[in-house]
Amino acid sequence: VIHGRWAMLGVAGVVAPEVLGGMGIIPADTGLVWFKSGAIPPQGTFDYWADPTTIFWVNMVLMNFAEVKRGQDYWYPGSQGETPLMGWEKGFAGSGAPAYPGGKYFNFANLGKTDMAKMQKKEIKNGRLAMMAFLGIAVQAVATGEGPFKNIVDHISDPFANNMLAGFGAIGGVSPF
């Protein structure tokens, strides 16, 4: 379940900057394709709120907090509703099933109240689809050197010239067909 959730977030994170940058909602120089967005050029043209070392350690602390909370809920289901945390503990109480945290922070829309098994099945299916989507995004990045949004726009504009078979010629210079 957790890998599917990460894949769903990953696919959204891959596509969103390219789309938002193309629409002008975010600055064009930050709306890069996913395989270039984390790179900091030697000249340092990207200005973040802090230096890379600080950003790394902030990420480490926040992810450690989240993963420790998740681990504690896995080992002791429901315990997060009892551990004092600035008055937020009742929101972390969860559903009693470690993979499905629930509570007012993680299930604020109260989804799955009556049909949890159906929602769990949908989440698994969407997670598997997102994992395959990310695999496709990675393969097309190697084959075309472009982002997923540009590739789909190119394919819609000319499906016979911009498709998987035409893209194989870019890998190794020779089409296998």
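**Close-up views of a predicted model**

**View 1. Q140 and its neighbours.** Leaving aside residues up to four places away in sequence, Q140 touches W34, G145, E146, G147, P148 and N151, where contact means heavy atoms within 4.5 Å. Q140 sits in helix α4; helices here are DSSP runs of H or I with at least four residues, numbered from the N terminus. Q140 counts as buried because its relative accessibility is 15%, and buried means under 20% relative accessible area with a 1.4 Å probe, protein chains only. This is a predicted model, in which local features need pLDDT of at least 70 and side-chain atom pairs count only at pLDDT 80 or more, while totals for chains, interfaces and linings use all residues. Residues are numbered from 1 along each chain as its sequence is written, and side-chain values use heavy atoms, with hydrogens and water left out.

**View 2. The largest nonpolar core.** Look here for A7, V11, V14, A130 and I137, the five residues of this core. Such a core is a set of buried Ala, Val, Leu, Ile, Met, Phe, Trp, Tyr and Cys residues joined through side-chain atoms within 4.5 Å. Two elements, α1 (2-23) and α4 (116-144), each give two or more residues to the core, and α1 gives the most, with three. Not counting residues up to four places away in sequence, A130 touches A7, M8 and V11.

**View 3. Where α1 meets α5.** The axes of α1 and helix α5 (residues 148-157), lines fitted to C-alpha atoms over the stretch in contact, come within 8 Å and cross at roughly 70 degrees. That makes the two helices roughly perpendicular, a label for angles of 65 to 115 degrees. V14, V15, E18 and V19 of α1 meet P148, F149 and K150 of α5.

Key. Buried < 20%, exposed > 50% of the residue type's maximum accessible area, 1.4 Å probe, protein only. Axes fitted to C-alpha atoms, helices over the stretch in contact; angles between N-to-C directions. Parallel < 35°, antiparallel > 145°, perpendicular 65-115°, else oblique.
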